[in-house]
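I opened a new page for this structure. I want to note what I look up, one entry at a time.

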Amino acid sequence: MSAQSEAAFRRAYDHLLSLWTTPPESRDVETPSARTRVQVWGKEGAPPLVLLHGFKVSSGMWAANALELGKSFRVYAVDLPGDHGLSVPHRPITRVEQLLGWLDELLTALGLSRTNLGGMSYGGWLTAQYAARAPERVSKLVMIAPGATFVRFNTEFALRGFPFLFWKRRAWVHAYMRWAAVPPKEAGGLYDAVMSGISDVMWTGLRHFGWYRGPWPAVVKEEVLRRIQVPALLLVGQQERIYDAETVMIRARSLVPGIVCETIPDASHDLPVRQPEVVAERLRAFIGA
């Protein structure tokens, strides 16, 4: 990891944070497993909401959601240790059990004995497993287009996504993000800025951090998913590209008791950025804020 690649990543990271619809307070939280960067915002005393980001995009991915979520929640958006971001693991985190242990430590350090927990893509995969293993710490669970979890990624996702993990070209990363998205008809605005910012965090992070040594998302074992007893919400874009949205809904309903499932029109894997108001409204209605 060179000083040049680090500087490029920090520029991309800071630029994405500058796009937030309301500025967060950035904190570093120490636990035995990691020093974790946490973006904190929203009303003091409001229901807590901890958010975990997608693979290789950092907590900055919530740029378009910050204002609306902050109106109803005290939000804690986290950089996952070992992935792209400013969190620093104190010891290797290579297994999902270690990542769940880190999350347990972090919630304790934040003073959250019990919290609402949400995640997008990779973060959604992780939250599902945490809720199954530590239900006493999760009030309500929100999964937004969770990576794998219920069904396998489709072939096109692998063919389009894996090459740029090895050949780190900016144009390829941006092309993949465009493929995974349903952009609005009118170009420009916050959507394009955030999607471009997320792509640059991914690209510069690939060059700086190298190969990810942590657990990769996969279909979660049925016996684990059946242990999710907390109220759960699943949101998937109707045009989701990484798997078939309706297949995910059917399997989720068959495994998680009482789960609330909804496909959101005019969105794919860009759901939080493409439909930030809808996502915030669904979270408010589900959590009861």
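These entries cover the core, some helices, the aromatic rings and a few single residues.

**Ground rules**

I am reading a predicted model, in which local features need pLDDT of at least 70, side-chain atom pairs count only at pLDDT 80 or more, and totals for chains, interfaces and linings use all residues. Residues are numbered from 1 along each chain as its sequence is written, and side-chain values use heavy atoms, with hydrogens and water left out.

**Core**

I looked up the largest nonpolar core. By that I mean a set of buried Ala, Val, Leu, Ile, Met, Phe, Trp, Tyr and Cys residues joined through side-chain atoms within 4.5 Å. Buried is under 20% relative accessible area, exposed is over 50%, and partly exposed is in between, with a 1.4 Å probe and protein chains only. This core holds 106 residues. Trp102, Leu126, Phe150, Leu234 and Leu283 touch the most other members. Helix H8 (residues 189–209) gives the largest share, 8 residues. In soluble globular proteins, nonpolar side chains tend to be buried together.

I then followed Trp102. For contact I take heavy atoms within 4.5 Å.

Helix H3 spans residues 96–109 and has 14 residues. From its first C-alpha to its last, H3 reaches 20 Å, close to the 20 Å expected at 1.5 Å a residue. The expected span is 1.5 Å times one less than the number of residues.

Which residues of H3 are buried? I find Val96, Leu99, Leu100, Trp102, Leu103, Leu106 and Leu107. They cover an arc of only 155° around the axis, so they sit on the same side of H3. The arc is that of the directions from the helix axis to the C-beta atoms. The buried residues of H3 pack against several elements, among them strand E1 (25–30), strand E2 (34–42) and helix H4 (122–133). Just after H3, Gly111 takes a positive phi of about 75°.

**Gln129 in H4**

I checked Gln129, which is in helix H4. Gln129 is buried, with a relative accessible area of 6%. Not counting residues up to four places away in sequence, Gln129 touches Val96, Leu100 and Val220. Gln129 and Thr149 are 20 residues apart in sequence and 8.9 Å apart in space, C-alpha to C-alpha.

**Helix H8**

I went back to H8. H8 has 21 residues and reaches 30 Å from its first C-alpha to its last, close to the 30 Å expected at 1.5 Å a residue. Just after H8, Gly210 takes a positive phi of about 75°.

**Aromatic rings**

I pair rings of Phe, Tyr and Trp (its six-membered ring) if their centres lie within 6.5 Å; planes under 30 degrees apart are stacked, over 60 edge-to-face, and the rest tilted. The count comes to 13 aromatic pairs. Tyr176 and Trp179 form a tilted pair, 5.5 Å centre to centre and with 40° between the planes. Both lie in helix H7 (residues 170–179), 3 residues apart, about one turn of the helix. Are they buried or exposed? Tyr176 counts as buried at 9% relative accessibility, and Trp179 is buried at 8%.

I also noted one aromatic cluster, formed by Phe55, Tyr122, Trp125, Trp211, Tyr212 and Trp216. A charge sits over a ring if NZ of Lys or CZ of Arg is within 6 Å of the ring centre and within 35 degrees of the ring normal. Lys56 lies over the face of Phe55, at 4.6 Å from the ring centre. Lys140 lies over the face of Phe286, at 5.3 Å from the ring centre.

**Phe162**

I found Phe162 in the loop between H5 and helix H6 (163–166). Phe162 is partly exposed, with a relative accessible area of 38%. Leaving aside neighbours within four places in sequence, Phe162 is in contact with Phe157 and Trp216. Phe162 and Thr108 are 54 residues apart in sequence and 36 Å apart in space, C-alpha to C-alpha.

**Positive phi**

Most residues other than glycine have a negative phi. I looked up two residues with a positive value. Phi of Ala148 is near 50°. Ala148 is in the loop between strand E7 (138–144) and H5, and counts as buried at 2% relative accessibility. Asp266 has a positive phi of about 55°. Asp266 lies in the loop between strand E9 (260–264) and helix H11 (271–274), and counts as partly exposed at 41% relative accessibility.

Note on methods:
Helix = DSSP H or I, 4+ residues; strand = E, 2+ residues; numbered from the N terminus.
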